[in-house]
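Colleague: I have a few questions about this model before I set anything up. Can you take them one at a time?

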Amino acid sequence: MDFYNRLSNTESLELLDKSREDRVTLSFYKYFKIENLIIFRNYLFSSWSKIGVLGRIYVANEGINAQLSLPKRQLDHFVHELDQIYPLKGIRLNFALKNSIKSFLKLKIKVRSKIVADGIQDKNFDSTNVGIHLNAQDFNKILSEKESICVDMRNHYESEIGHFIGAITPNVDSFKESLEFLGKNFKNESKNKKILLYCTGGIRCEKASAFLKNKGFKKVFQLDGGIINYARQIKKTGNNKFVGKNFVFDNRLSEKITDDIISNCHQCGTESDQHSNCSNVACNILFIQCVYCKNLYNGCCSIECQKINSLSLEKQKTLRRGKKATKRIYKRI
């Protein structure tokens, strides 16, 4: 069996359009010991590809981090498949507020050294010594306490379009930098200070809470299931403390939590919370772009990229030849 998806994005889009099948978008993670990564990875690809799972999944010796979509009719079967893997039996699934048949186009299961790159080199680091998990109601309660500190463990381009009221939003580009921020800024903080952590689905807070606990902090709390789970809970209970959008790592790029627009277009400065990737594939920088600028620059981040994007595909390929593609993100000043 071929354990890799060989379809192009265009071919995948055509198949999804033809099927018009309702799909469910979800995510989950679990820290647990995986001995043989290749066997585990190939087993997942074999079983999930048969039921139409698409998504981006990372597996490492420390566990799994999955963001995916699948046909709605296959959800029960998918859960049954997960239950056959003992550490994943009964795992909480974070379901998207709104589904899209095009949230993911391919099934990609990648073997990594870690399921979230953290930069931790300490071999004695205890990743199981984590903080207290809180539901939405309890999170709101501690958030309202004047002496507590709330830290957004996401990157700046995520918190820029939405965050919790009163939260510290570090100007960082990676989770590794987020941990460095904690280490530097909490160095002289009381070890009895109440610290609240949150992220998209909970996986980064799991490691970040362990990071603080390993440094001696006693009152560390994390939002169980992250913003995704919080949003589903407050739809039923009310008392929402999050403003704006939740950034997500699929083709939707975000989910609206409130109607507030707290960010601005990176090109003209007008109110906007729409992320784009520059249409010049050699650039592909992630940035916020309003509708006016999207039309003005044809989806590009600059006039230079707009000129390159207007060239023929062959000329663009010639310009890209020999250059390594890298993930680029608009830098917050």
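Colleague: Start with Ser 127: how exposed is Ser 127?

Modeller: Ser 127 is partly exposed, because its relative accessible area is 30%. Buried means under 20% relative accessible area, exposed over 50%, and partly exposed in between, with a 1.4 Å probe and protein chains only. The areas come from the Shrake-Rupley method with a 1.4 Å probe, and for residues only the protein chains shown count as cover. Keep in mind that this is a predicted model, where local features need pLDDT of at least 70, side-chain atom pairs count only at pLDDT 80 or more, and totals for chains, interfaces and linings use all residues. Residues are numbered from 1 along each chain as its sequence is written, and side-chain values use heavy atoms, with hydrogens and water left out.

Colleague: Fine. Where is Ser 127 found?

Modeller: Ser 127 is in the loop between β5 (107–111) and β6 (132–134). Helices (H or I, at least four residues) and strands (E, at least two) are DSSP runs, numbered from the N terminus.

Colleague: Now the whole thing. How many helices and strands are there?

Modeller: The protein has 11 helices and 14 strands. Of its 333 residues, 48% are buried.

Colleague: And what is the radius of gyration?

Modeller: The protein has 21 Å, which agrees with the value near 20 Å that a compact globule of 333 residues would have. That radius is taken over C-alpha atoms, and the globule rule is 2.2 Å times the number of residues to the power 0.38. Along the principal axes, the C-alpha atoms fill a box of roughly 60 × 50 × 40 Å.

Colleague: Changing topic to charges. How many salt bridges does a search of the whole structure find?

Modeller: The search gives 13 salt bridges. A salt bridge here is a side-chain nitrogen of Lys or Arg within 4 Å of a carboxyl oxygen of Asp or Glu. One of them pairs the side chains of Arg 92 and Asp 224, at 2.8 Å from N to O.

Colleague: Which parts of the chain does that pair link?

Modeller: Distant ones: Arg 92 sits in the loop between α3 (75–83) and β4 (94–95), and Asp 224 in the loop between β10 (220–223) and α8, 132 residues apart. Arg 92 counts as partly exposed because its relative accessibility is 31%. Asp 224, at 24%, also counts as partly exposed.

Colleague: Arg 154 and Asp 152, are they buried or exposed?

Modeller: Both Arg 154 and Asp 152 are buried. Their side chains meet in a salt bridge of 2.8 Å, N to O. Arg 252 and Asp 250 also form a salt bridge, at 2.8 Å from N to O. Asp 250 is buried, since its relative accessible area is 7%.

Colleague: Which residues do salt bridges with shared partners join into one network?

Modeller: Glu 62, Lys 114, Asp 118 and Lys 207.

Colleague: And which residues gather in the patch of positive charge on the surface?

Modeller: Lys 98, Arg 232, Lys 235 and Lys 236. Patches are made of residues with over 30% relative accessible area and no salt bridge; like charges are joined within 9 Å, and nonpolar side chains (Val, Leu, Ile, Met, Phe, Trp, Tyr) within 5 Å. Lys and Arg count as positive and Asp and Glu as negative, while His and the chain ends are not counted. Each charge is placed at NZ of Lys, CZ of Arg, CG of Asp or CD of Glu.

Colleague: Where is Arg 232 found?

Modeller: Arg 232 is in helix α8 (residues 226–237). Its relative accessible area is 36%, so Arg 232 is partly exposed. The C-alpha atoms of Arg 232 and Ile 285 are 31 Å apart, with the two residues 53 apart along the chain.

Colleague: Last one, backbone. What is phi of Leu 253?

Modeller: Near 70°, a positive value in a residue other than glycine. Leu 253 lies in the loop between β11 (242–247) and β12 (254–256), and is buried because its relative accessible area is 17%. Asn 298 is not a glycine either and has a positive phi of about 55°. Asn 298 is in the loop between α9 (291–296) and α10 (303–309).
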